[in-house]
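Keep the sequence at hand as you read.

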Amino acid sequence: MRTSVGIVGAGPAGLLPRSRQEIEATIRAGVLEQGTVDLLKQSGVGSRMQREGFVHHGIYLRFARASHRIDFPSLTGGRAITVYAQHEVIKDLVAARLEAQGKLLFEVKDAAVYDLDTQAPKVRFRQGSKIEELECDFIAGCDGFHGITRPSIPSRMRHEFTRVYPFGWFGILVEAPSSTDELIYAHHERGFALVSTRSPQIQRLYLQCDPDDEVKNWPDGRIWEELHARLESAEGWRLAEGRIFQKSVIAMRSFVVEPLRYGRLFLAGDAAHIVPPTGAKGLNLAAADVRVLSKALASFYKTRAEQPLKNYSATALRRVWRAEHFSWWMTSLLHRFHDETPFHHRLQLAELDYVVSSRAKAQTLAENYVGLPLD
Ligand code: DHB
């Protein structure tokens, strides 16, 4: 087989060996930056998102039992975010690709990439009992953190930067009415909690937990007890309970590989970088990578221009490192660290107080949260 650009991975994070059904059912984050929303619309895959997504104009920071609203439009020149689950984006992209007669191969096994430093890089894989080879002009490595493309770059050509956090998130989906009109990020002595949403009937909630915690440690009663405690508010606010129908533990890691290119292989999304979930940057960064890469590939095919492809890594990494910093900062601000001293805890509270009382600091949060303008 031959193609121009071979794409390894089918989102949300390197789900190449999995079925379409599994990919479309994997629960991930749900916050789209303004730029991601615009990109989906421009690409002609935004109509269901526009119908079913929820535009939010701010978030609440809750600490010391009080809520403080960060208003996005007034701090960012009118920008906002859209709550629309990542697996819904995936469904829309898969459907659009199939409708455009694009070839998508699900459930392939033993994928490997070869000849990356030649003019004809190849993807080899197994489908059922058949070994296939796909010869390409370029390969896009979009196969997630655990994928095969990044490790195919010789280790001497890869610089990796990592931070692993001493906690995880316990995430649930609940059948309940929403308790809040906008997301609540809560800092509490017992740990971080986050109230998000999926629809008027389904809510998405997260709790800071042990990094290697397990679902079996969290019976429903314990989940509600922790959520009520961490979200308590002097204003008499109350979280609505409901049937919990999905539970999972999410690891927290920061990771970047440099550069994002080796020969004719280009890495994008989680194959190249991971952010901790706080601030919901993961999918948005992947979309920003692919926007830069697709423009560079389009200009190569139009005019044989090499320069945009040469610039891809540096251009994408600039935004990646901004988002790495923001996600690390939000994570550091809002979580309890097992080794933290009372001094560190006081610094967190001072920083939170500053965010909600200084326009400059609130603006820093807001412009990063809604997403900086795309290149
Ligand atoms: C969600 C996830 C996040 O990581 C976040 O910061 C906000 C919302 C979500 O899944 O809704």
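**Starting from one tyrosine**

Tyr-60 stands opposite Arg-69 in strand S5. Strands here are DSSP runs (E, at least two residues) and helices are DSSP runs too (H or I, at least four), numbered from the N terminus. The model is predicted, so local features need pLDDT of at least 70 and side-chain atom pairs count only at pLDDT 80 or more, while totals for chains, interfaces and linings use all residues. Residues are numbered from 1 along each chain as its sequence is written, and side-chain values use heavy atoms, with hydrogens and water left out.

Now look at S4, residues 58-63. Six bridges join S4 to S5, residues 66-71, and the two run antiparallel. Two strands count as paired if DSSP finds at least two bridges between them. S4 and S5 form a hairpin with two residues between them. In the turn, Ala-64 has a positive phi of about 50 degrees.

S4 also pairs with S13, here in the parallel sense, over three bridges. Tyr-60 stands opposite Ile-184 in S13. Strands of a sheet pair through backbone hydrogen bonds, either parallel or antiparallel.

How many residues of S4 are buried? Six of its six are, and the strand is mostly covered. Buried means under 20% relative accessible area, exposed over 50%, and partly exposed in between, with a 1.4 Å probe and protein chains only. In a regular strand the side chains alternate between the two faces of the sheet. Gly-58, Tyr-60 and Arg-62 point one way from S4. Ile-59, Leu-61 and Phe-63 point the other way.

The structure holds 16 aromatic pairs. Rings of Phe, Tyr and Trp (its six-membered ring) pair if their centres lie within 6.5 Å; planes under 30 degrees apart count as stacked, over 60 as edge-to-face and the rest as tilted. Why is the pair of Tyr-185 and Tyr-369 edge-to-face? Their ring centres are 6.0 Å apart and their planes stand at 90 degrees, so the pair is edge-to-face. Tyr-185 lies in S13 (residues 184-186) and Tyr-369 in helix H10 (residues 359-370), so the pair ties together parts that are 184 residues apart in sequence.

Ring pairs link Phe-72, Trp-169, Tyr-185, Phe-192, Tyr-206 and Tyr-369 into a cluster. Lys-281 lies over the face of Tyr-369, at 5.8 Å from the ring centre. A charge sits over a ring if NZ of Lys or CZ of Arg is within 6 Å of the ring centre and within 35 degrees of the ring normal. Arg-222 does this for Trp-218, at 3.6 Å.

Next come two helices. H8 (residues 307-334) and H9 (residues 342-357) pack at an angle of about 115 degrees, with axes 9 Å apart. Axes are lines fitted to C-alpha atoms, for helices over the stretch in contact, and angles run from 0 to 180 degrees between N-to-C directions. Trp-329, Ser-332, Leu-333 and Leu-334 of H8 meet Gln-348, Glu-351, Leu-352 and Val-355 of H9. Contact means heavy atoms within 4.5 Å.

Three strands form an open sheet in the order S2-S6-S3, with antiparallel pairing. S2 (31-32) and S3 (54-56) are the edge strands, each pairing on one side only.
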